[in-house]
Amino acid sequence: MRIVVALGGNALLHRGERTDADIQRDNTVRVATALAALAHDHELVVTHGNVPQLDLLAAQSTADAALTAPYPVDLLGAQTQGMIGTLLVRVLRDVLPGRRVVTLVTHTRVRVDDPAFENPTELVGAIYPERPARFLAAKHGWHMTEYRHGWRRVVPAPSPERILEADTVRVLLELGTVVVCGGGGGVPVVPDRATGALSAVEAVVDKDLAAARLAEELKADFLLVLTDVPNVYAGYGSPDQRPVLDATPAELRAAHYPQQSMGPKAEAAARFVENIGRLAAIGALDAAYEIVHGRSGTLVRPDLFAA
């Protein structure tokens, strides 16, 4: 099978962990161990989140007095693709001796008229007191929003239209390569309406939705969304919480999972299954092999009675 894996942001940094390089390096061993068995038997593409790493680089860039202006979010996102990619490639090569493994910086085309550009929602960077936040907003034209006990920058999160390097990924897979790509949803770019030339935009693309789009373009057999819980749960956190072992896209959407947690994962799985008619699943990283073989996780399947 051809499997696209979407690693949750907790794969390299568990909740509450510091963003130290040594911690992330150690955590990649767990990732490689979980994915090795799948890579032995299947074509494998590994995508990943980048939120803690992007926040760290954004805060450092904003605080750097040597810069005339902070680095734009698109370039910071590209940096995280390289940083996380090299960590993953090294450990995957260790557990897959003799196998080609490569990381690829990827770009995601978005629509210039995507409504997300009128309503920035994605938090980026450090938390600031109100006065510094207002100063940064005025100086750089940033949108800021109240967050916990301070203020943070927000940027648009447009929907992925196309993964520009999908054809390259396909060729690499046909050569037997394990490909790490699509980090943080890819670098968002928009085409010029007159010339078609691409320009990067200060935005972020949801990494699960980008993984689903890539899986569609690769005609993957399976989209595997890995996180830190063993299943999707109905009534999560309530006394009536129960695991959802399988669902259709319509059933996932009807459950209205929170946008800041399970919502994008459920939507990504739903889109892939609807658009290509194959299977997706959501579950825990350490159970990756078991999920693909139907022994763990939440299976997302086509609605056999859909029109």
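In this predicted model, 4 strands make up an open sheet with mixed pairing, in the order β8-β4-β10-β11. Strands here are DSSP runs of E of at least two residues, helices are runs of H or I of at least four residues, and both are numbered from the N terminus. Two strands are taken to pair if DSSP finds at least two bridges between them. The edges of the sheet are held by β8 (162-163) and β11 (198-200); each has a single partner strand, so one side of each lacks a neighbour in the sheet. In general, the strands of a sheet pair through backbone hydrogen bonds, either parallel or antiparallel.

Strand β4 (residues 107-109) runs parallel to strand β10 (residues 187-191), and 3 bridges join the two. Within this pairing, His 107 has Val 187 of β10 as its bridge partner, and Arg 109 stands opposite Val 189 in β10. The pairing of β10 with β11 is antiparallel and also has 3 bridges. Val 190 has Ser 199 in β11 as its bridge partner. These two strands, β10 and β11, form a hairpin with 6 residues between them, and Gly 196 in the turn has a positive phi of about 85°. Strand β10 is mostly covered, since 4 of its 5 residues are buried. Buried means a relative accessible area under 20%, exposed means over 50%, and partly exposed lies in between, computed with a 1.4 Å probe on protein chains only.

Residues are numbered from 1 along each chain as its sequence is written. Local features need pLDDT of at least 70 and side-chain atom pairs count only at pLDDT 80 or more, while totals for chains, interfaces and linings use all residues; side-chain values use heavy atoms, with hydrogens and water left out.

The protein chain as a whole contains 9 helices and 17 strands. For 307 residues, a compact globule would have a radius of gyration near 19 Å, and the 19 Å of the protein chain agrees with this. The radius is taken over C-alpha atoms, and the globule rule is 2.2 Å times the number of residues to the power 0.38. The C-alpha trace spans about 55 × 50 × 45 Å along its principal axes. Of the 307 residues, 49% count as buried. Among contacts (heavy atoms within 4.5 Å) between residues at least 6 apart in sequence, 72% join residues at least 24 apart.

In soluble globular proteins, nonpolar side chains tend to be buried together. A nonpolar core is defined as a set of buried Ala, Val, Leu, Ile, Met, Phe, Trp, Tyr and Cys residues joined through side-chain atoms within 4.5 Å. The largest such core has 42 residues, of which Val 4, Val 45, Val 169, Leu 223 and Phe 272 touch the most other members. Elements giving two or more residues to this core include β1 (2-7), α5 (166-174), β12 (222-227) and α8 (263-276). The greatest contribution comes from α6, with 6 residues. Apart from this core lies another, of 32 residues, among them Ile 3, Val 178, Leu 285 and Val 292. Beyond its neighbours within four places in sequence, Phe 272 is in contact with residues including Ala 212, Phe 222, Leu 223 and Leu 279.

Thr 177 lies in the loop between α5 and β9 (178-180). With a relative accessible area of 3%, Thr 177 is buried. Leaving out residues up to four places away in sequence, Thr 177 touches Leu 44, Arg 100, Val 101, Val 102 and Leu 172.

His 143 is placed in strand β6 (residues 143-147) and counts as partly exposed, at 47% relative accessibility. Residues up to four places away not being counted, His 143 touches Pro 120, Arg 152, Arg 153 and Val 154. One of these, Arg 152, lies over the face of Tyr 147, at 4.9 Å from the ring centre. Arg 134 lies over the face of Trp 151, at 5.3 Å from the ring centre. A charge sits over a ring if NZ of Lys or CZ of Arg is within 6 Å of the ring centre and within 35 degrees of the ring normal.

The structure holds 1 aromatic pair, formed by Tyr 233 and Tyr 236, which is tilted, with 6.0 Å centre to centre and 40° between the planes. Rings of Phe, Tyr and Trp (its six-membered ring) pair if their centres lie within 6.5 Å; planes under 30 degrees apart count as stacked, over 60 as edge-to-face and the rest as tilted. Tyr 233 counts as buried, at 16% relative accessibility, whereas Tyr 236 counts as exposed, at 59%.
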